[in-house]
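Thanks for coming. I have one structure to go through today, so please look at the screen and follow along.

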Amino acid sequence: VTVVLGSLLIAGCASGPNQRAAGPSTSLSQTVYSDDGVSEMSTPGTWAVRPDFGPDASIRVAENSGTAFLIVNSYFPGEIETTPISEFSKSYAEGLTQSLGNSKLDEGQALSINGAPAHRYVVTGNVGDVRLTYVSTVVNGASAMHHLIGWAGAPDYSGDGDILNRVIASFRESPTPRPARQRVSLNFGWPDSMQSAVNYQQKSIKRGKESELKATYLTTVRPGPSSPDELVVSTRITHQHLSGPDNEQEQDYLSALLKQASSEIPDYIVSRQGEFLRVDNLSAYQQRVESAMISNLPPQLENKKDRILAMVKPAMSERFLAALVTDDWNKTVGSWISSSYVVGQTYRFDEEYYAPALGNTPFAMTVSRRIAGFAPCTGSDSRCVKLVLTATVSGEDFRSAMTDFLKKTVGEPINVKHISVVKKMEIIAEPGTLIPHRTRSSEETTVTIEDSKGNTRTSRDTKDTRITYSYESYRASK
């Protein structure tokens, strides 16, 4: 059972903010200060400062379940032309209206926010298939012109809009200015052609047994053949060695499986903006690996082949494998793109976590992110940033879904009493390109299972992975 749990849990896929309903607490119980030191506002305790949108905004906050968002852009004397507040507000609202599909702009409203003249427009329109309502408010402060942009889903605006407007109404310039806090911006900028020699080392403990996998491989980036907006990332294993299994048959089985899993690895495709798009030729790879898992079973497990197949098949589906690659890309590169961080500040918020084998229901994942500081890039005098990510998945929904899955696949009345997955990752990368130079990640899965007789067993599986990239050809081409 723990083997299946381990394979299922490594392929959860994080998406954007958690889309579940907001909590009942809507009092404006906390103060958020701008990074430029000029302004502040009050938000509910369920809101958090975010680094992953509005990279140039002085304030960036969102409801923690992803139902409402707000940014503040401040323009100081000399940065923009002097314009009456009504014209300034209308021009921004009209620009927003033109950028949306099937959009609608209200008549606007002049108001006062904490004694400062202000003007507000409400804009509704489509971003793709999602209909949103925006509140665009301009406040003419003593130090700067401040543009506050809040948004929420249009169907939920009657409730979320009330909270947004209360947060906006709390905006004020701080009585005493504070020193500005400098941010580091992170952007995607991989070149058309890049090659990296990679050293990989992973130590695992599963069911009390230790194993270690060492590998070297070559990663190549090239332009997409079918679209100028795509980059193709290819991987070719040059050497690998697995140690740890003390049983010769188990060692032979795992080595044969590893050989199939590491041969003819499918390419994956990302956009030139860093968005993960797809995995090429995944079907043939999935079928080959699944066949290897079953056909090479040790003799003592042959009579359990059907049950083993039922347990591992969800963990070897195309959807599962695609989620595995997507999650790896997003943790290392994708989720950091177009963000900005105050060095040393930890940003905590929720995202959605999908485990494909458990269905389409998302689970809450608590995330913290920060730039911990700077470090030398590998083999270079350039300065890289040290990115730190921690993600935790647990809770009743996750536990219940895993219990249901195990009951169906194992065919026994097993109850998962507790389950939690904690992932930590440190990435040394170039801030202007997000080209990784070194990564270290750890994963800890803790599971308590109760059998039909009421006996409980707790297992704690761990995994520690270190990867180093060397970009000789990339540096030579710069």
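Of the 478 residues of this protein, 47% count as buried, where buried means under 20% relative accessible area, exposed means over 50%, and partly exposed is in between, with a 1.4 Å probe and protein chains only. This is a predicted model, in which local features need pLDDT of at least 70 and side-chain atom pairs count only at pLDDT 80 or more, while totals for chains, interfaces and linings use all residues. Residues are numbered from 1 along each chain as its sequence is written, and side-chain values use heavy atoms, with hydrogens and water left out.

The accessible surface comes to about 22600 Å², and carbon and sulfur atoms hold 49% of that area. These areas come from the Shrake-Rupley method with a 1.4 Å probe, and for residues only the protein chains shown count as cover.

Next, contacts, meaning heavy atoms within 4.5 Å. Among contacts in the protein with a separation of 6 or more, 61% are between residues 24 or more positions apart.

Now the secondary structure. The protein has 9 helices and 25 strands. Both are DSSP runs numbered from the N terminus: helices are H or I with at least four residues, and strands are E with at least two.

Two strands pair if DSSP finds at least two bridges between them. Strand β3, residues 39-43, is joined to β12 by 2 bridges, and serine 39 has glutamate 173 in β12 as its bridge partner.

Elsewhere, strand β13, residues 183-186, pairs with β19 in the antiparallel sense over 4 bridges. Which residue in β19 stands opposite serine 185? That is serine 340.

Last, the cysteines. Counting a disulfide as a pair of cysteine sulfur atoms within 2.5 Å, the count comes to 1. Cysteine 377 and cysteine 384 form that link, with their sulfur atoms 2.0 Å apart. The link is right-handed, with 110° about the S-S bond. Are these two cysteines buried or exposed? Cysteine 377 counts as buried because its relative accessibility is 5%, and cysteine 384 is buried at 0%.
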